Amino acid sequence: MNDKKIVIIGATSGIGRALAETLVSAGNKVGITGRREAILRDMKAMRPDRYCIRAFDVTDTETSIAHLEALAAAMGGIDVMVISAGGGDTNEALDFGIERKMIDLNVGAFTQLADWAFAYFQRQGYGHLAAITSIAGMRGSRQAPAYSATKSYQITYLQSLRQKAYHGRMPITVTDICPGFVDTPSAKSPVRFWVGPLPKAANQIYRGLCKRRKVVYITRRWRLIAWLYRWLPAWLHERL
């Protein structure tokens with residue numbers, strides 16, 4: 001995949017930034033967004049011919065669409081959109097303020113972004129929507145209830161859009177990028193294993209996008225954990 005126009009929502013750090021750098025190196029034009037405009041400007045300064053930038057907060061649902069429309073116009077169109085904006089935190093105390101922030105970001109903002117991208121590609125006649133979900137979305141988590149629940153929402157929503165594209169005979173690919181643990185500052189789980197290096201994660205995502213896969217597990221060996229987690233008996237899951 002090269003010479004494509006790709007937008008990454010949430011590209012100032014972590015997987016989003018690493019993927020942006022990988023895509024630019026492969027010869028693509030990449031639109032990057034995030035709240036921290038200074039970081040976006042620094043990234044653009046390194047490859048001014050390849051990056052377009054737009055600074056905004058995706059949870060501001062009153063203005064997000066206007067920013068996306070402006071970015072799409074500046075790029076001359078969009079072939080692929082990757083939703084990397086998302087977050088999570090442990091919350092064993094069930095502080096509703098923490099849960100609400102994750103719901104606003106991982107459900108409210110995510111839905112608005114995904115709907116806009118799908119409608120854009122539908123009007124255009126083709127496109128590729130991808131989003132970074134999580135293995136955590138497959139089952140509930142006592143340490144991070146809202147995070148696992150909102151990631152489950154994202155996984156199911158992407159499945160719904162994929163079904164919608166199929167029944168509408170629309171040439172729109174929908175990819176669920178489903179990571180386990182990746183070595184980023186946002187990985188806050190108290191228990192971590194099989195932690196994937198960030199460059200390896202970005203390269204595997206890139207290859208998954210190139211192949212237009214429906215689901216991409218990051219890193220690949222997390223496919224096994226996904227299978228085990230999905231079929232884990234309820235009585236055993238409760239004891240974890």
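**Contacts, strands and helices**

Author: To begin with Asp 3: setting aside neighbours within four places in sequence, Asp 3 is in contact with Gly 27 and Asn 28, where contact means heavy atoms within 4.5 Å. The model is predicted, so local features need pLDDT of at least 70 and side-chain atom pairs count only at pLDDT 80 or more, while totals for chains, interfaces and linings use all residues. Residues are numbered from 1 along each chain as its sequence is written, and side-chain values use heavy atoms, with hydrogens and water left out.

Reader: Where does Asp 3 sit, and is Asp 3 buried or exposed?

Author: Asp 3 belongs to the segment before β1. Helices (H or I, at least four residues) and strands (E, at least two) are DSSP runs, numbered from the N terminus. Asp 3 is exposed, its relative accessible area being 64%. Here buried means under 20% relative accessible area, exposed over 50%, and partly exposed in between, with a 1.4 Å probe and protein chains only.

Reader: Moving to β4, which residues lie on its faces?

Author: Val 80 and Val 82 are on one side, Met 81 and Ile 83 on the other, and all are buried, so both faces are covered. In a regular strand the side chains alternate between the two faces of the sheet.

Reader: Which way does β4 run relative to β1 and β5?

Author: β4 runs parallel to β1, joined by four bridges. β4 and β5 are likewise parallel, and four bridges join them. Two strands pair if DSSP finds at least two bridges between them. On the β5 side, the bridge partner of Val 82 is Ala 130.

Reader: What handedness does the unit of β4, α4 and β5 have?

Author: β4, α4 and β5 form a right-handed β-α-β unit. A crossover is right-handed if, with the strands pointing away from the viewer, the path from the first strand over the helix to the second runs clockwise.

Reader: How many residues are in the largest nonpolar core?

Author: There are 32, and those with the most contacts inside this core are Ile 9, Val 58, Met 81, Ile 83, Trp 116 and Phe 121. The elements giving two or more residues to the core are β1 (5-9), α3 (64-75), β4 (80-83), α4, β5, α5 and β6. Of these, α4 gives the most, with 10 residues. A nonpolar core is a set of buried Ala, Val, Leu, Ile, Met, Phe, Trp, Tyr and Cys residues joined through side-chain atoms within 4.5 Å.

Reader: And what does Ile 9 touch?

Author: Beyond its neighbours within four places in sequence, the contacts of Ile 9 include Thr 33, Val 58, Leu 68, Met 81 and Leu 113. Another core, of 25 residues, lies apart from the largest one; Ala 20, Val 30, Ala 130 and Ile 218 are among its members.

Reader: Now α5. How does its span compare with what 1.5 Å a residue predicts?

Author: Helix α5 (residues 145-167) has 23 residues and should span 33 Å; its end C-alpha atoms are 33 Å apart, which agrees. The expected span is 1.5 Å times one less than the number of residues.

Reader: What covers its buried residues?

Author: The cover of the buried residues of α5 includes α4 (96-124), β5 (127-132) and β6 (172-179). Among those buried residues are Ile 155, Tyr 157, Leu 158 and Leu 161. Arg 169, which follows α5, has a positive phi, near 50 degrees.

Reader: How many salt bridges are there?

Author: The structure holds four, a salt bridge being a side-chain nitrogen of Lys or Arg within 4 Å of a carboxyl oxygen of Asp or Glu. One of them joins Glu 21 and Arg 17, at 3.2 Å from N to O. Because they are four residues apart in helix α1 (residues 14-25), about one helical turn separates Glu 21 and Arg 17. Glu 21 is partly exposed, at 34% relative accessible area, and Arg 17 is also partly exposed, at 24%.

Reader: Which residue pairs with Asp 104?

Author: Asp 104 forms a salt bridge with Arg 100, the closest N and O atoms being 3.1 Å apart.
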